[in-house]
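Work through the exercises below with the structure open. Try each task before reading its solution.

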Amino acid sequence: MAQKAVIGVTGLGVMGRNLARNFARHGYTVAVHNRTYGKTKALIEEFGHEGAFVPEESPEAFVAALERPRKMVIMVKAGQSTDAVIDEFAPLLEPGDILIDGGNAHYADTERREKALRERGIHFVGSGISGGEQGALEGPSIMPGGSRESYASLGPILEDISAKVDGAPCCTYVGPGGAGHFVKMVHNGIEYSDMQLIAEAYDLLRKGAGMTPAEIAEVFRTWNQGRLGSYLIEITAEVLAHTDAATGKPFVDIVLDRAEQKGTGRWTVQAALDLGVPVTGIAQAVFARSLSGHADTREAARVLTGPSADGGLDSSFADKVEQALYASKVVAYAQGFNQIQAGSAEYGWDIDLGAMATIWRGGCIIRAGFLDRIRGAYETDRGLPTLLTDANFAAELGDAQDAWREVVVEATRRGIPVPGFSSALSYYDALRAERLPAALIQGQRDFFGAHTYLRTDREGVHHTHWELPGRPETRTDA
Ligand code: 6PG
């Protein structure tokens with residue numbers, strides 16, 4: 001009898017195919033299946049020599065090819081297709097088997113699916129997988145949720161094929177239910193935020209300092225050697241240095257300036273609103289993409305007046321932009337980690353924030369040298385209320401803030417939009433403030449709606465009778 005497969009992959013699009021190859025390259029016998037057999041055949045023809053693949057045409061044969069407890073990864077477009085695949089395969093599985101969803105599913109869908117399959121004795125593991133096509137093949141960052149029991153047999157395989165940093169795998173058990181997909185969602189939200197901040201830095205250097213894309217590419221290359229060192233900074237340099245073959249123009253100048261989104265950034269903000277976590281950097285990034293896409297509204301450019309963005313700054317301004325970018329980035333990540341903390345508390349997932357920073361150091365889109373410092377911050381204090389108060393980050397932000405403020409001022413003066421930089425700075429200043437104008441808002445609420453307020457100097461819930469002479473105050477909880 002043919003050797004049973006250790007794991008299977010159904011859905012052989014680019015991500016699924018590369019993930020299957022990654023398993024095979026690591027010596028695992030991997031069963032492969034696709035809705036149409038053509039893709040399965042193509043995979044074997046092209047890459048069959050890379051390892052032990054078991055191509056199967058029918059779901060029944062695919063499931064039968066797996067050793068028990070069966071482990072099969074679904075790699076299809078998140079949404080209805082995932083439910084369709086689950087409906088097709090779940091009846092073929094037995095209690096103890098493990099069904100892994102490696103797509104970008106919404107965590108609430110994962111919670112629902114996990115609960116339904118648990119009732120049938122099947123482990124459903126919603127797993128974030130980040131790193132794009134290349135990551136899937138060469139080592140992604142993997143964020144599996146579901147039962148801890150399933151991780152005992154599945155975890156070692158996933159850790160094996162994940163990226164490694166300092167010998168440590170970029171994969172760990174995240175938490176039960178939809179925890180894995182929640183963390184992946186926030187990863188994507190941070191990704192949006194990071195990309196927006198980088199784009200603002202580029203725009204400032206381009207318009208404010210009059211630098212060419214090629215010159216800015218050099219700046220990004222230099223930054224990549226320092227504390228900003230990351231995959232996104234590295235690829236930004238590549239994109240900016242690229243020349244369009246058809247026109248000879250910088251590539252960035254021939255691309256339509258409307259940023260698209262598949263939805264994970266938006267989900268992050270929606271979830272943050274429900275949890276009451278101010279992820280202002282992620283929200284600004286999502287809205288900046290939306291704004292860029294509103295062609296009709298942007299017709300306003302013909303009418304609205306303002307200063308000329310061009311010039312006036314020299315290339316030494318780049319150092320200040322580096323500081324503003326770094327500080328804003330710390331804020332964005334701090335907000336994202338707070339959202340994971342809040343989600344974990346809300347759903348009882350007990351997510352280890354330091355471990356999340358550890359598995360994001362490699363493989364994923366937001367991989368960056370500085371994630372090791374976030375890991376360190378949570379290692380020092382697991383219950384840190386915000387990364388900004390970690391002694392090292394607080395000192396860095398303190399050092400960066402003069403330049404950060406100057407960059408926001410110069411951008412404002414020139415009319416260059418910097419929603420990411422400025423909202424991050426406002427967040428920093430809000431956290432620094434001993435008193436916020438929220439007190440006035442409480443007063444307004446009490447005035448028009450008797451919504452009551454707490455006092456700084458006395459216990460109890462109070463209301464001022466604004467309509468009565470002398471505006472007497474009563475304690476409403478007495
Ligand atoms: C990853 C990415 C990936 C995501 C892209 C595109 O971690 O590998 O996050 O999952 O699909 O980033 O996202 P948008 O189309 O929404 O920009």
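Predicted model: local features only at pLDDT ≥ 70, side-chain atom pairs only at ≥ 80, totals over all residues.

Residues are numbered from 1 along each chain as its sequence is written, and side-chain values use heavy atoms, with hydrogens and water left out.

**Exercise 1.** Check the length of helix 9, then find its buried face.

*Solution.* Helices are DSSP runs of H or I with at least four residues, strands are runs of E with at least two, and both are numbered from the N terminus. Helix 9 covers residues 213–225, which is 13 residues. The expected span is 1.5 Å times one less than the number of residues.

Next, list the buried residues (buried is under 20% relative accessible area, exposed over 50%, partly exposed in between; 1.4 Å probe, protein chains only). In helix 9 they are Pro213, Ile216, Ala217, Val219, Phe220 and Trp223. Down the helix axis they fall within an arc of 160°, so they line one face (the arc is that of the directions from the axis to the C-beta atoms). Thr222 and Gln225 are exposed on the other side of helix 9.

Last, find the neighbours (contact means heavy atoms within 4.5 Å). The buried residues of helix 9 pack against helix 8 (179–208), helix 10 (231–241), helix 11 (251–254) and helix 14 (317–347).

**Exercise 2.** Do likewise for helix 12.

*Solution.* The twelve residues 264–275 should span 16 Å; the ends of helix 12 are 16 Å apart, which agrees. Thr264, Gly265, Thr268, Val269, Ala271 and Ala272 are buried. Their arc is within 165°, so they line one face of helix 12. Leu273 and Asp274 are exposed on the other side. After helix 12 comes Gly276, with a positive phi near 70°.

**Exercise 3.** In which order do the seven strands of the open sheet lie?

*Solution.* The order is 3-2-1-4-5-6-7, with mixed pairing (two strands pair if DSSP finds at least two bridges between them). Strand 3 (53–55) and strand 7 (141–144) are the edges, each pairing on one side only. Leu99 has Phe124 of strand 6 as its bridge partner.

**Exercise 4.** Describe the sheet of three strands.

*Solution.* This open sheet has the order 10-11-12 and antiparallel pairing. Strand 10 (453–454) and strand 12 (473–475) each have a single partner strand, so one side of each is left without a neighbour in the sheet. Tyr453 stands opposite His462 in strand 11.
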